[in-house]
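Welcome, and please have your viewer ready.

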Amino acid sequence: MPESELKYLKPQALAFKEEMILNMGPQHPSTHGVLNFLVVTDGEVIHQALPNVGYLHRGIEKLAEQTSYTGFIPFTDRIDYLAAMFANHVYVLAVESLAEIEVPERAQFLRVIACELNRIASHLISTGALALDIGASTPFVHWIRERECINDIMEAICGARLTYSYMRVGGVSRDISQKIVDDIYKFLDHFEPIIDEYNRLISFNEIFVRRLADVAIISPVDAVNFGLVGPNLRGSGITMDIRKIIPYSVYDQFDFDIPIGKGFKGSLGDCYDRYFVRILEIKESCSILRQALSQIPKGDIKAKVKRKLKIKENECYACVESARGEMGMYLVSDGSDRPYRLKIKTGSFTAMSIVEKVSQGLMVADLIALIGSLDVVAPEIDR
Amino acid sequence: MISKVYTILVDRFGEDALLYFDDTLNPYIQVNPEQIQMLCIFMRYNPALKFSFFFSLCGVDYPEKNQITMVYHLFSMKQKKMCVLKTSVSRKNPELESIESVWKAAGWFERELYDLLGVNFTNHSNMKRLLLPDDWVGHPLRKDYEEPSFYHDMETSRNRIS
């Protein structure tokens, strides 16, 4: 942390005798990427925690202005490496609405299937890593094992295990065979009972509950004010899900619930609520997957799109419900074959800005729980 | 739908301050830069509007028009609709009132814009670079930005094999 940062500390900070400044990160195992916090502590109590981001800034928005519309899809994988499918999805949605491309229904179902699989995989990492951060390493290994099954399915679907680039403008890159459909069914049959097993192992474990319940409470008012999205916002008890409120793709054809925090083990909006909402969401995703697999229609998987895409002057804002909440892209075209401006709005960016407020008065160990429960992914903040 | 929002806004602010455009996919309302904060407060708290969610803030550089356009995406849960506000500032000395006091979420978006586009937001609690180092020169998302070839005596470009 540079010296210049010190002058932004609050005046009362450093007024206490016992205060000291602690650098957490950038290479800290619990920060989920390269993140740095400047923590002013008095013993174990945090007076102020200033997030310092930007270590992973790669200028993706600037790169978009130099790349063709279709050539930018692989870059979107790198925005959020744990949930690459959503960034793919929101980008192609933005380009399709600008270029007025109609996507075949089969392709839309394939997109939903891929996205929901990815959501499960991302939540597995998020909930597992939270347990790992606060000292329980077994659950993480269990979840990694299940995630490996999803990775195998993803590899069969699109050829990649992490950076998928599965979506194309106008459809998807390849069709799924009956064998893959059977594999996904088999995975769901195997996986759904494991959620209950996992809950017995860790979610209702007394030590785990006490570490998370009533810690770092975010009130619904603050959650809206700071622009939290996704499971973090729903953890504070607000029913907001882009899949229901601004339905995109074919999500309006499925029947699913939006789990919200209710103060399951403590107060509304604490770390445990944010954690448990994710577990409930995994169950909903399984239900969406079953519905999508049973309704999947026959047909094309890709619309006819010109090889060199040129889009006349226009602009649009597309958003999807990513694993980390609403992910939006604001795309401006100017008639050429590349975007004039692309703005990427991500969930981790706003989640990070609330840390400074919520962390005041927490214990140092609870800051770890807070960051874990917010599920921030560093490349998504910095882009 | 947004036209209904527009009529409510015109009732309060008068027709000179606001222009309504629907030639793009998302219709937008063009606002005077001086009025942006008042307008945001009105949109957030007016019981008929209730735009309580702040989706995003983006800046677009237009060198040929010599202006930077700010685009605000707001969302109202009550109406389940998104509203787009636009306002333009001059490119030479871009300055705009911060809306951090209306939505806290805007604070980091404004810092990012200050960092990448060089727009100065007044009355912001911590107006400094967010993503790039404090001593970085220039604002990368400007269209005429040229990457410095050295940063602290380190070469920034790769040696190309041609």
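Which residue of chain A forms a salt bridge with B:Glu112? Select A:Arg383: the closest N and O atoms of this pair are 2.4 Å apart. A salt bridge here is a side-chain nitrogen of Lys or Arg within 4 Å of a carboxyl oxygen of Asp or Glu. B:Glu112 sits in helix H3 (residues 106–117) of chain B and A:Arg383 in the segment after helix H15 (378–382) of chain A, so the pair joins two chains. Helices (H or I, at least four residues) and strands (E, at least two) are DSSP runs, numbered from the N terminus.

Before moving on, note that this is a predicted model, where local features need pLDDT of at least 70 and side-chain atom pairs count only at pLDDT 80 or more, while totals for chains, interfaces and linings use all residues. Residues are numbered from 1 along each chain as its sequence is written, chains are lettered from A and ligands numbered from 1 in the order in which they are written, and side-chain values use heavy atoms, without hydrogens and water.

Next, select A:Glu61 and A:Arg341, whose side chains meet in a salt bridge (3.3 Å, N to O). A:Glu61 belongs to helix H1 (residues 60–64) and A:Arg341 to strand S8 (residues 341–345), both of chain A, so the pair ties together parts 280 residues apart in sequence.

Stay on strand S8 of chain A for A:Lys345. Its salt-bridge partner is A:Glu326, with the closest N and O atoms 2.9 Å apart.

Finally, highlight A:Glu116, A:Arg119, A:Arg234, A:Asp241, A:Arg243, A:Glu281 and A:Glu321: salt bridges that share partners join them into one network.
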